[in-house]
Amino acid sequence: MKGFNIIGKKISAKSDQIIKAVDPSNLSDLEGEFHVATNEEAEEAVKKAKAAAEKYSKVKGSKRAHFLRTIADKIEGLGDQLVKRVMQESGLPEGRVKGERGRTCAQLRFFADKVEEGSWVNAIINRGDVDVRQCLEPIGPVVVFTASNFPLAFSTAGGDTASALAAGCPVIIKAHESHLGTNNLVAEVIMGAAVECGLPDGVFSSLNGAGNELGSFLVQHPDVKAVAFTGSYGGGKALYDLAQKRDEPIPVFSEMGSVNPVFILPDAMEAKTEEWAEAVANSVNLGAGQFCTNPGLLIVKRNEYLLAFSDQLVDAFTRLTPATMLNKGIFQSYERGRHQQSQQKGVVIKYAEMDDDPDSRKALPCLLEVGFQNFIDNPKLAEEVFGPLSVMIVCENDEELASVADHLQGQLTASFIGEKNELLAYSDLINKVKTKAGRIIVNGLPTGVAVVEAMHHGGPFPATTDVRFTSVGGNAIYRFVRPVCYQDFPDELLPDALKEENPLGINRKEF
Ligand code: NAP
């Protein structure tokens, strides 16, 4: 575990400022001393990325695809060394880590296929008195802030990196302090793949930072052209604000918090009481609740089955197994949030172990209940508590259900659990909620985000800073491109995607 920064094709350790990776289960230091990047090193990474940007934008889709597949192969080649390190740094169990590695490599190959096929550039050709042609081209160097809660899949070689590299943009990683060793292993692999594939120096860099200095420096650097972030509302919004204050504002795609409301409709509550209670509880506790899609609000209407459902839910919560949280800060923040939410006016604690062992560092699942009016009167109850906590809001009638929907902030997801006929009867409510969320789920729970073309993992603010884009699925690539229009250009000067004979053989809109 060398702990260097990676700047294009070289490793670098100019600073004596060292940070250590920590085992979240016992707070002991792990192997490796990680050198914090100096401003000089960050400057060098950006300069190299800028120099690489033009060359890399011209690299053919097939070669970019080869690069992405090589990264995936090399990540798999790290074998148990990587799995072990992720487990040590994150507290996540082996099955989850292996699953996440599989997803990471699948994402890389998914974008490889997409960029190799090539039609994603949305080529449009208008022939006429004026010949106007358009396609999408890379935006330039992208800074990726890796996420604490997905040390692989939303991290160094995660979806942001894969989609930016696929789009033709160099990437500079701001490593997360929570998994410095994991970052180190994966970043070395990407550097090796870039060299092996003969790509320009600077197509990839990875920098370690402690505190906000490095991230702020990168976001404000005039040669950085876009930012991808997954994490807290505070962090994502602060970086967005910084980018908008630049002389040249740039897009910041921050994916922040969400409470992912789940509406549980009466007939479904009656028909499958136990089944849904079990499924909801398991979803709340999945990954110690450390998912941006964690169901933090359960919305129900009082009826004769509510008591049975609520009892089953509490019963299912008692059977959940608490798990270690990702880092000390996240554990403390969950503990704080859990206690604060429990003490809000009108909140009934349905399930919680409040006298836990502070040294366990495990997230104890928590189920709270509150009536409609107390929920509406208290915005705090609609805030995300990152961890296995859910608040059940009890409405007395359909008007109150609609009011809760109106009251919701922007979300990544919203779910409806209902029998077929009642889903049809509640279509107005579903349409209302549609204005608040990026993905609407019927008879399922929001945890689990499939990496497929049609996936949308985004949503209205404050779920993200740009409602139009996604960080998962095929469209994630569109965050890192811009349209360029060519008017009356000679064929030889056009990009291949727009040439008259269509040498790439891609789908185009031609008029
Ligand atoms: P975070 O505090 O937002 O940090 C994420 C990354 O952004 C880190 O690399 C951090 O760097 C950097 N950063 C944050 N604020 C910054 C600023 N003002 N200027 C420059 N850089 C900044 O997220 P986290 O550490 O992963 O977890 C903290 C909390 O975020 C959790 O308790 C949870 O509430 C929330 N979270 C939410 C999601 C979600 O998907 N909704 C995912 C993960 C976390 P430094 O650490 O070096 O400052």
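1. Start with helices H4 and H5: H4 passes H5 in a right-handed crossing (right-handed when the near helix is turned clockwise from the far one by less than a right angle, left-handed when anticlockwise). H5 covers residues 159-167, and the two axes come within 9 Å, crossing at roughly 20°. H4 and H5 are therefore roughly parallel to each other (angles under 35 degrees count as roughly parallel, over 145 as roughly antiparallel, 65 to 115 as roughly perpendicular, the rest as oblique). Axes here are lines fitted to C-alpha atoms over the stretch in contact, with angles from 0 to 180 degrees between N-to-C directions.

2. Who touches whom here? H4 brings Gln-107, Leu-108, Phe-111 and Val-115, while H5 brings Gly-159, Ala-162, Ser-163 and Ala-166 (contact means heavy atoms within 4.5 Å). By class, this contact has five nonpolar, three polar and no charged residues. Ala, Val, Leu, Ile, Met, Phe, Trp, Tyr, Cys and Pro count as nonpolar, Asp, Glu, Lys and Arg as charged, and the others, Gly among them, as polar.

3. Before going on, a word on the model: it is predicted, so to speak, with local features needing pLDDT of at least 70 and side-chain atom pairs counting only at pLDDT 80 or more, while totals for chains, interfaces and linings use all residues. Residues are numbered from 1 along each chain as its sequence is written, and side-chain values use heavy atoms, leaving out hydrogens and water.4. H4 (94-117) also packs against H2, and these two axes come within 8 Å and cross at roughly 170°. H2 and H4 are therefore roughly antiparallel to each other. The contact takes in, among others, Arg-64, Leu-68 and Ile-75 of H2 and Leu-108, Phe-111 and Val-115 of H4. Its residues divide into ten nonpolar, three polar and eight charged. Helices (H or I, at least four residues) and strands (E, at least two) are DSSP runs, numbered from the N terminus.

5. H1 and H7 (residues 213-220) pack at an angle of about 35°, with axes 11 Å apart, and H1 passes H7 in a right-handed crossing. Asn-39, Ala-42, Glu-43 and Val-46 in H1 meet Glu-213, Leu-214, Phe-217 and Leu-218 in H7.

6. The second largest pocket has a volume of about 790 Å³. A pocket is an open set of points on a 1 Å grid over the protein atoms alone, where a 1.4 Å probe fits, with protein on both sides within 12 Å along at least five of seven lines; lining residues have an atom within 4 Å of a point. Points are joined across faces, edges and corners, and the volume is the space filled by probe spheres set on them.

7. That second largest pocket is lined by 33 residues, with Ser-57, Lys-58, Arg-64, Pro-138 and Pro-495 nearest its centre. Strand S6 gives the most to the lining, four residues. By class, the lining has 18 nonpolar, six polar and nine charged residues.

8. Two backbone spots deserve a look. A cis peptide bond joins Phe-461 and Pro-462, with omega about 5°, and Pro-462 lies in the loop between S20 and S21. Leu-27 has a positive phi of about 60° although it is not a glycine.
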